[in-house]
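Visitor: I would like to go through this structure and ask what stands behind each label.
Guide: Good. Bring it up and ask away.

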Amino acid sequence: MRRDRIHYSAGVAAGLLLISALFVTSRTALAQTAAGSFQSVNGQVQIQRTGGATIGAASGVGLNVGDRIITGPNGHAVIILNDQSRLELGPASSITLDQFALGGGPTRVSLFSGVMRSLVNAASGGASANYQVHTPNAVAALRGTKFDTAYSENVIRPGYKGCDKYTDVSVYQGTVNLAQAGTPNTGQDVHAGYEATVPCDKPPTESGPLSMTGAVSLESANAGGASFAGAAPGSSAAPVPACPVCLNMTTVVGVGGGHGGGGAPQ
């Protein structure tokens, strides 16, 4: 009888150890779900792994779901996701790959600062209907293939009555639905050739033509001009540049339906 109890206890202990090992393995596998890799890296770019380690990014280095990517003041990175979608980060930017799955599963990227260009591979099987960029105050849901998302804070833009948080969206191909973070189902569509902004916790501004509202785009960030120099909220009038560099700025900020056309960077 005593020997049977010993054998039983040993069997239970072995079973518990196996279950524990499988649980740890499954959690590790989940935390290390491959999402893509760096195609190119310029300047200072770092990866903060889910487990807490921070490493330098380089061409060919892989990325996992949950990783945070941070670019320095002169940093620039191009990421190719496993569905062949492309993310391009400008200087002083920070993102996290929150969700990614092949075969039409949802893809979610959080943008905490700076500017990111998204070129979504619509032929990958439903990605264009399940791709979202989240910022602290807005959600940009993709209904097209190519657009910029920028987020900035601690700077008050003229005409916004003390607001110091802004999400800018510039659309070059397709349509993007832009909404305030608290009401993601009540957004406005921004069409190709237009841009819009979500200021603080307010609804998106009226759409304006690309480069006309003064919002931040990847081009302006790369040129070192990632600051607002545009017209008043809702205005489609061309901004008055504050400096010669601003004449060459390509900016994006806009939301709204019913607009089409307009030039777009290629």
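Visitor: Where is Lys 161 found?
Guide: This is a predicted model. In it, Lys 161 is found in the loop between S12 and strand S13 (165–173).

Visitor: Why is Lys 161 called exposed?
Guide: Its relative accessible area is 85%. Exposed means over 50%. Therefore Lys 161 counts as exposed.

Visitor: What is the phi of Lys 161?
Guide: Phi is near 50 degrees, a positive value in a residue other than glycine. Cys 200 also has a positive phi, of about 50 degrees, and is not a glycine. Cys 200 has its place in the loop between strand S16 (194–199) and strand S17 (208–209).

Visitor: How many helices and strands are there in the protein?
Guide: Two helices and 17 strands. The protein has 266 residues, and 42% of them count as buried. Its accessible surface comes to about 12600 Å². Carbon and sulfur atoms hold 56% of that surface.

Visitor: Now the aromatic rings. How many aromatic pairs are there?
Guide: The count comes to two aromatic pairs.

Visitor: Why is the pair of Tyr 131 and Phe 147 called edge-to-face?
Guide: Two values decide. The ring centres are 6.3 Å apart, and the planes stand at 75 degrees. Rings pair if their centres lie within 6.5 Å, and planes over 60 degrees apart count as edge-to-face. Both conditions hold, so the pair of Tyr 131 and Phe 147 is edge-to-face.

Visitor: Which parts of the chain does this pair link?
Guide: Distant ones. Tyr 131 is in strand S10 and Phe 147 in strand S12 (residues 146–153), 16 residues apart.

Visitor: What makes Tyr 131 buried?
Guide: Its relative accessibility is 2%. Buried means under 20%, so Tyr 131 counts as buried. Phe 147 has a relative accessible area of 0%, so it is buried too.

Visitor: What makes the pair of Tyr 160 and Tyr 166 edge-to-face?
Guide: The centres are 5.2 Å apart, and the planes are at 80 degrees.

Visitor: What lies over the face of Tyr 166?
Guide: Arg 157, at 4.2 Å from the ring centre. Another such case involves Arg 68 and Phe 112. There the charged end of Arg 68 sits over the ring, 4.1 Å from its centre.

Visitor: Back to strand S10. Why does His 134 count as buried?
Guide: His 134 is found in S10, which covers residues 131–135. Its relative accessibility is 14%. The limit for buried is under 20%, so His 134 counts as buried.

Visitor: Which residues is His 134 in contact with, leaving aside its neighbours within four places in sequence?
Guide: Arg 108, Val 109, Ser 110, Leu 111 and Val 139. Its side chain also makes a polar contact with the side chain of Gln 132, at 2.8 Å.

Visitor: Why is Gln 99 called partly exposed?
Guide: Gln 99 is in strand S8 (residues 94–99). Its relative accessibility is 39%. Buried is under 20% and exposed is over 50%. The value for Gln 99 falls in between, so it counts as partly exposed. Beyond four places in sequence, Gln 99 is in contact with Val 65, Pro 106, Thr 107 and Arg 108.

Visitor: What joins the side chains of Thr 175 and His 191?
Guide: A polar contact of 3.2 Å. Thr 175 has its place in strand S14 (residues 175–180). At 14% relative accessibility, under the 20% limit, Thr 175 counts as buried.

Visitor: Which elements have the lowest and the highest mean pLDDT?
Guide: Helix H1 (residues 2–31) has the lowest, 48, and strand S5 (residues 68–71) the highest, 98. The protein averages 77, and 69% of the residues score at least 70.

Visitor: Where does pLDDT stay under 50 with zero contacts beyond four places in sequence?
Guide: Over residues 18–30. It also stays under 50 over residues 234–266, but there the model has 105 such contacts.

Note on methods:
Residues are numbered from 1 along each chain as its sequence is written. Side-chain values use heavy atoms; hydrogens and water are left out. Helices (H or I, at least four residues) and strands (E, at least two) are DSSP runs, numbered from the N terminus. Buried means under 20% relative accessible area, exposed over 50%, partly exposed in between (1.4 Å probe, protein chains only). A polar contact is a pair of N or O atoms within 3.5 Å; within protein, one must be able to donate a hydrogen and the other to accept it, and residues adjacent in sequence count only if both atoms are side-chain atoms. Contact means heavy atoms within 4.5 Å. Accessible areas come from the Shrake-Rupley method with a 1.4 Å probe; for residues, only the protein chains shown count as cover. Rings of Phe, Tyr and Trp (its six-membered ring) pair if their centres lie within 6.5 Å; planes under 30 degrees apart count as stacked, over 60 as edge-to-face and the rest as tilted. A charge sits over a ring if NZ of Lys or CZ of Arg is within 6 Å of the ring centre and within 35 degrees of the ring normal. pLDDT is the predictor's confidence in each residue, from 0 to 100.
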